[in-house]
Amino acid sequence: MEPGPAVAVFGAYGHTGRFVTAELRDRGYVPVLVGRDGLRLRALGTPDLDLRTASTDAPSSLDRALEGTAAVVDCAGPFAVTAVPVVEAALRAGIPYVDVAAEIEANLDTFARFTDRARAAGVAVVPAMAFFGALGDLLAVTAMGDWKRADEVHVAYGLSGWHPTAGTRIAGRVSQQRRGGRRVLHTGGRMEYLYGPRPLLEWTFPDPMGTRAVVGEFTMAESVTIPRHLAVPEVRAHMTVEAAEELSAPDTPPPAPADERGRSAQTFVVDVVVRAGGRDRRASARGRDIYAVTAPLAVEAVHRILTGRVKTTGAASAGEIFDAPAFLRALSAHIALGSHRDGVSTRAGKRSPGAG
């Protein structure tokens, strides 16, 4: 069997970058491992793969790193630093760009800077192609079905726990600094930056998780990705309290491998509720390890772009550029989809439709 196209992985020695590299190999692609630290690249112990050092401060090094590749996946945070230079390099090379950024500010920057330029160049640029940003977006599109508009979208994250990687902690600090400690909410059809505590709610997740306490109005990339293409004025993300507490605790250890694939024992349910005119539609997905599941999301995106299965070009979110139900079905080896449910909402006012 002939090897597939070469795909550059920028930040290949990071936690998520390793999962992306393994997924590319499993799918028949040839990873080209790119990073800022040559010693860390060599420490990966992959003599059969091409290793290339590159710096976001040196455009020519990025050009050399992407030479001969069909696409690039940016796994190197903070994306406030890496996204723009790597997108620029991808546009110079004429190849698609995918990243796994959950940094709202970086996502906004990518869309603001490259929507028109990438479309004019006929190059796909897909930020936030990860557990946070893409999965909720794809589920929201699936739940919407034939609805053209909705009043609210709620994305509830049921994480059994959250042991953040070093990259997650660094990216979180950068995001907090950029928005001055405020939280971000898409409300009234626009992004709002707010001070003050988040509300505490209860959310009824699909079985077997059931009803759990959640932190409401949690700042997540869906505040950027969903309103890009869905006509919805209100987007809310909610996070299980235990996971939010572990993320904020300074002594929470990083994820530890618990199986032969290097996945942690963490499990998740992502439950999306769309409300319109007093009716609810719902779609959900469950799986294991939010970092590991980012890899098939990103690699499936690359595969669909390279095989022409896209709805648009230029800078776009996951739900905007891909056939959402088909994309989710393609991940059946990694996530289990919940049954879609339609119903009349019994909740009043602005309260979350999943809140008890």
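## Strands β1 and β4

In what sense do strand β1 (residues 6-10) and strand β4 (residues 71-74) pair, and over how many bridges? They pair in the parallel sense, over 4 bridges. Ala-8 stands opposite Val-72 in β4. Two strands count as paired if DSSP finds at least two bridges between them. Strands are DSSP runs of E with at least two residues, helices are runs of H or I with at least four, and both are numbered from the N terminus.

This is a predicted model: local features need pLDDT of at least 70, side-chain atom pairs count only at pLDDT 80 or more, and totals for chains, interfaces and linings use all residues. Residues are numbered from 1 along each chain as its sequence is written, and side-chain values use heavy atoms, with hydrogens and water left out.

## The open sheet

An open sheet of 6 strands runs in the order β3-β2-β1-β4-β5-β6, with parallel pairing. Its edge strands are β3 (50-53) and β6 (125-126). Each of these pairs on one side only.

## Ala-12

The loop between β1 and α1 holds Ala-12. Ala-12 has a relative accessible area of 1%, so it is buried (under 20% relative accessible area; exposed is over 50%, partly exposed in between, with a 1.4 Å probe and protein chains only). Neighbours within four places in sequence aside, Ala-12 is in contact with Gly-17, Arg-18, Thr-21, Leu-33, Val-34, Leu-41 and Leu-44. Contact means heavy atoms within 4.5 Å.

## Helices α1 and α10

The axes of helix α1 (residues 15-26) and helix α10 (residues 290-306) come within 8 Å and cross at roughly 50°. That makes α1 oblique to α10 (angles under 35 degrees are roughly parallel, over 145 roughly antiparallel, 65 to 115 roughly perpendicular, the rest oblique). Axes are lines fitted to C-alpha atoms, for helices over the stretch in contact, and angles run from 0 to 180 degrees between N-to-C directions.

On the α1 side, the contact is made by His-15, Thr-16, Phe-19, Val-20, Glu-23 and Leu-24. On the α10 side, it is made by Tyr-291, Ala-292, Thr-294, Ala-295, Pro-296 and Val-299.

## Strand β7

Strand β7 (residues 152-159) is mostly covered, with 8 of its 8 residues buried. Glu-152, His-154, Ala-156 and Gly-158 are buried on one side. Val-153, Val-155, Tyr-157 and Leu-159 are buried on the other.

β7 pairs with strand β13 (residues 267-276) in the antiparallel sense, over 8 bridges. There, Val-155 stands opposite Val-272. β7 also pairs with strand β12 (residues 234-240), in the parallel sense and over 6 bridges. Val-235 in β12 is the bridge partner of Val-153.
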